[in-house]
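Colleague: I'd like to learn how to read a few features off a model. Could you walk me through them?

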Amino acid sequence: MNGVHPRRFVRPLLAVTATAATALTLAGAPPTAQAAQAAPVTVAARTDHSDAGWRVQSLGNGSFAVSWTSPRALPLTSDRPTIVGDGLAFGAPTLGEDGRTVTAVVSADRAPSPSDLDVVLSGDRLDEAGDDATVGAPDDSLGHRVTSELSEDPGKPGDFATVTSDYTWDPVKVAGMKEPIEMVGHVVEPASDAATGPRPLVLFLHGRHSVCYNPDDPNDFGDDSWPCQAPFAEIPSHLGYDYIQQVLASQGYATVSIRVNGINAQDWRLPDGGADARATIVQAHLDRWAAIAADHQVDMDQVVLVGHSRGGEGVDRASIQIPADAPYRIAGQVLLAPTDFAWHTAPYVPTVTVLPYCDGDVYDLQGQRFTDVGRDIAADDTSLKSSVLVMGANHNFFNSEWTPSTAAAPSWDDWGGDKDATCGRKHPDRLSPKEQRSVGTAYVAGAVHLFTGGAAGNDYLPMYDGSPVTVGSIGDAQVLSAAVNGGRDERKPGVDARPTLTTGDAESRLCNGIASWSSSSFAICGRRNEDVTPHWPMEGEKVPTRKFLELSWHAAGATGGLALDEPLDLSTDRLELRTIADPSLASPQVRVRITDSSGSSALLDPAPGTQPRALPEVPGATKLWATTVAVDATGATGVDLTDITAVDLVADSAEGHVWVADVAAAPATLPAQQSQRLPQVRVRTIRVSEGSGGTKIARIPFKIVGKVTRPAQFSVFTAGQQRRQTQRLVVDVAPGQKSGWIPVEYDADRLWGYDQQTQVSLWPMQGVATDDYLGQLFVTDDDPRPTVAVEVPRSVREGGTVRIDVTMSGKSSVDTDLYARTVRTRGENLRGADVPAKWLDRHGDPSHPGWPLWRLYAGVSDQIRAGRTTATIEFPTLDDKAVEGTEYLALRIDLGDGVRHRYRIKVVDND
């Protein structure tokens with residue numbers, strides 16, 4: 001869910017980790033972090049980008065563990081901290097038991113430099129002091145857009161009286177969690193005597209939020225205790241959607257909002273951030289509702305899931321897992337500001353994803369993946385996948401219990417920066433909490449009507465298919481939409497469409513849907529880009545990508561577009577182009593030319609309100625998001641509308657720069673709903689003993705749940721293995737296949753070293769969904785650890801050097817860290833003035849040379865490099881030519897073997 005403080009926004013340096021939106025094992029902070037959640041504060045540690053808090057440790061074979069420790073517990077948010085930078089692809093981060101240390105494994109030619117790294121959470125560099133705030137952001141807005149108002153307004157209450165109740169059932173044990181998860185529901189439904197007929201069930205699942213608070217102290221969110229201990233009370237996040245529940249119940253729907261504080265308190269331990277646990281609890285509630293449905297007049301064949309934030313990823317995971325023969329059917333789902341770390345989507349399940357433009361938590365709008373992945377994963381999937389962009393909306397205010405003035409517990413606005421700038425709380429285009437709830441009500445209710453209303457539900461389709469419409473209940477709020485599937489006949493650049501020849505002063509090309517801060521390569525779409533790119537992963541993310549058509553022009557009349565491998569039929573369907581407009585330029589004006597196979601063409605105007613839209617600029621957080629250019633071609637003459645083989649944009653403005661995601665023929669109504677499900681791929685974690693004999697191959701198994709009926713593919717990314725490599729491969733799945741394995745190389749030698757760890761992530765491509773998408777290979781080192789001998793002189797004369805020789809009995813495959821620190825001892829302790837000033841400046845605190853060395857934290861670190869057996873640590877002394885008697889140097893030496901060795905060296909006066 002929400003962050004602890006207003007967020008600053010910055011694009012990750014050079015490369016996003018491979019798991020920023022992928023294989024993260026970091027769910028956020030453990031319960032120890034809750035004390036840091038009470039008020040807007042910053043977690044940043046340092047005043048400059050020094051090495052403070054960072055540790056880089058060699059794991060051997062070109063693999064390094066990189067970690068950063070925050071000075072305080074990390075906040076409990078929906079987004080997850082990731083280590084980024086230095087052009088590297090990091091493996092899945094983990095969080096230490098302290099709730100402050102983020103660690104990731106990376107393969108590299110050299111040890112990464114901390115000065116080139118950052119820890120990023122919700123666009124905020126946690127390891128940098130201050131805010132990357134949107135101070136001075138342009139006062140920009142979307143501007144006026146021509147819209148028409150639908151006569152049917154789903155945001156208006158219906159005529160039925162409603163009743164409210166709550167239930168508590170026996171808790172459920174969930175794998176990976178010590179405490180069972182509560183089964184608590186808040187029910188709002190029509191009165192029992194209301195003549196509604198069978199009632200669809202709408203189930204709400206809230207996101208990741210603080211779980212305990214002290215009603216008597218708004219700054220006290222408790223310690224690490226779970227369940228909450230008195231005087232602390234649970235934050236009732238599940239009550240935050242009652243405002244939508246009341247409207248839906250008055251319209252004839254049964255609704256329940258379930259509580260998952262138990263998951264929020266414990267999901268930091270889980271590799272997937274708790275998505276599977278949330279899916280498990282959703283199914284547990286639905287199983288119980290199937291037994292009591294008759295008592296509530298509920299039709300379990302008409303279930304709609306609504307998930308907010310991590311709840312969105314949770315309900316989507318449930319939709320993937322629920323089989324076609326379950327005692328209930330998922331008719332559709334609405335995802336509010338969702339996370340999608342897994343790049344999942346539920347095939348055949350109609351899905352509306354609501355994206356708030358001013359989201360200060362899930363700032364990258366990664367929920368767009370539910371739409372984009374849904375376009376390609378199943379060729380026969382006709383379920384609507386729609387994205388709805390709500391201008392001026394933030395992350396938290398969809399939940400009234402996460403909103404100031406309406407929440408029982410303390411709450412806050414997750415958007416940070418200048419209050420008068422774009423998205424700031426005083427900007428005229430920023431929605432108030434009440435206005436945002438009105439939009440949430442209308443677009444959740446409209447989707448429920450669309451999914452469960454049969455033919456009548458199509459009246460609400462224009463709210464989700466890119467049509468320039470609005471409804472009265474949302475007032476002046478501006479909402480954009482775009483859709484794929486839903487019966488569309490789509491053509492994809494680089495797959496079944498190629499660039500046409502440009503005319504005039506225009507350039508076009510196919511580009512890879514990737515964004516980069518640094519790259520200027522024309523092969524990628526987002527070159528030297530500082531904006532938020534929901535359709536494009538950052539360079540360095542090892543996930544499947546898509547091709548886009550990139551078109552730019554510098555004179556009116558220029559043209560460019562796509563030639564289609566197979567013709568489109570526009571005789572009854574409208575033409576749609578999902579189009580991203582470059583926000584650095586004004587919104588372009590275009591017309592659309594369609595051409596048939598004979599060469600005949602027609603030049604058409606887009607529907608009013610559907611010209612490409614350049615979205616408001618927010619430094620570091622402007623969205624490059626595809627709006628819908630819609631064209632009604634039915635009145636065109638002189639062209640065969642059943643045989644359209646090319647679609648071109650014709651410039652009406654003097655300049656423009658756009659990217660086209662796809663073109664499609666879109667029907668005015670949705671096809672019949674589908675009941676099938678795709679087979680699911682699930683990967684495992686295994687452990688093997690290293691053994692000996694050089695390079696070996698481990699087989700990480702996967703299994704397939706369900707029947708594969710046609711060739712399918714999924715993508716695999718591995719990180720952390722030997723030989724300085726990451727690995728990306730595509731796995732082909734044959735019809736009838738039920739299992740397989742993923743090859744991972746590792747080194748087997750006779751040298752002692754650390755256990756090797758390789759992280760495996762699966763991404764769906766075509767014909768299969770991924771469920772358990774994170775696996776690991778642990779290679780246990782079975783070689784004996786070398787013994788370490790330390791030779792320390794008993795004494796040294798003043799002016800001499802204390803030389804400590806460390807010798808290992810055998811070679812190691814990893815570096816062995818050595819650290820010798822001065823400690824207090826009896827007698828006269830050696831002081832700062834007794835060692836060279838330059839040495840003290842490097843190895844301690846030189847500000848008080850008269851103090852003993854132990855008070856100056858003087859110490860020397862070194863390593864026995866992999867493959868070597870010796871190292872020497874030196875402490876030089878000065879001959880001050882004064883009579884002062886014998887002094888002593890006491891050292892505590894850590895040899896990396898878990899034992900701290902102590903030595904006392906006499907420094908004999910020469911005078």
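This is a predicted model: local features need pLDDT of at least 70, side-chain atom pairs count only at pLDDT 80 or more; totals for chains, interfaces and linings use all residues.

Colleague: Okay, disulfides to begin with. How many does the structure hold?

Modeller: A disulfide is a covalent bond between the sulfur atoms of two cysteines. Here the criterion is a pair of cysteine sulfur atoms within 2.5 Å. The structure has three of them. Counting bonded cysteines along the chain, the pattern is 1-2, 3-4, 5-6.

Colleague: Which cysteine does Cys-212 bond to?

Modeller: Its partner is Cys-228, at 1.9 Å from S to S. The torsion about the S-S bond is -90°, a left-handed link. Cys-212 lies in strand β12 (residues 212-213) and Cys-228 in the loop between β12 and β13, so the bond ties together parts that are 16 residues apart in sequence. By the way, strands are DSSP runs of E with at least two residues, helices are runs of H or I with at least four, and both are numbered from the N terminus.

Colleague: Are those two cysteines buried or exposed?

Modeller: Buried means under 20% relative accessible area, exposed means over 50%, and partly exposed is in between, using a 1.4 Å probe and protein chains only. Cys-212 comes out buried at 3%, and Cys-228 is buried at 17%.

Colleague: What about the link between Cys-358 and Cys-423?

Modeller: Their sulfur atoms are 2.0 Å apart, and with -75° about the S-S bond the link is left-handed. Cys-358 sits in the loop between β17 (351-356) and α6 (368-376), and Cys-423 in the loop between β18 (384-390) and α7, so parts 65 residues apart in sequence are tied together. Cys-358 is buried at 2%, and Cys-423 is buried at 3%.

Colleague: Let's move to rings. How do I describe an aromatic pair?

Modeller: You give the distance of the centres and the angle of the planes. Rings of Phe, Tyr and Trp (its six-membered ring) pair if their centres lie within 6.5 Å; planes under 30 degrees apart are stacked, over 60 edge-to-face, and the rest tilted. That rule gives 10 aromatic pairs. In one of them, Phe-204 and Tyr-241 have centres 5.8 Å apart and planes at 15°, so the pair is stacked. Phe-204 is in strand β11 (residues 199-205), while Tyr-241 is in the loop between β13 (233-234) and α2 (242-250), 37 residues apart. Phe-204 is buried at 1%, and Tyr-241 is buried at 1%.

Colleague: How are Trp-752 and Tyr-754 arranged?

Modeller: That pair is tilted, with 6.0 Å from centre to centre and 50° between the planes. Trp-752 is buried at 14%, whereas Tyr-754 is partly exposed at 30%. There's a cluster too, made of Tyr-167, Trp-169 and Trp-289.

Colleague: Where does the charged end of Arg-855 sit?

Modeller: A charge counts as over a ring if NZ of Lys or CZ of Arg is within 6 Å of the ring centre and within 35 degrees of the ring normal. Arg-855 has its charged end over the ring of Trp-851, 3.9 Å from the centre. Likewise, Arg-904 lies over the face of Tyr-888, 3.7 Å from the ring centre.

Colleague: How many residues of strand β30 are buried?

Modeller: Five of the five residues in β30 (residues 627-631) are buried, so the strand is largely enclosed by the rest of the structure. Thr-627, Val-629 and Val-631 point one way, and Thr-628 and Ala-630 the other. For strand pairing, DSSP must find at least two bridges; β27 (residues 574-581) and β30 are joined by five and run antiparallel.

Colleague: Last one: how many residues does helix α7 have?

Modeller: Helix α7 (residues 433-452) has 20 residues, and 16 of the 20 are buried. The expected span of a helix is 1.5 Å times one less than its number of residues. From first C-alpha to last, α7 reaches 28 Å, close to the expected 28 Å. Following α7 is Gly-454, with a positive phi near 65°.

Conventions. Residues are numbered from 1 along each chain as its sequence is written. Side-chain values use heavy atoms; hydrogens and water are left out.
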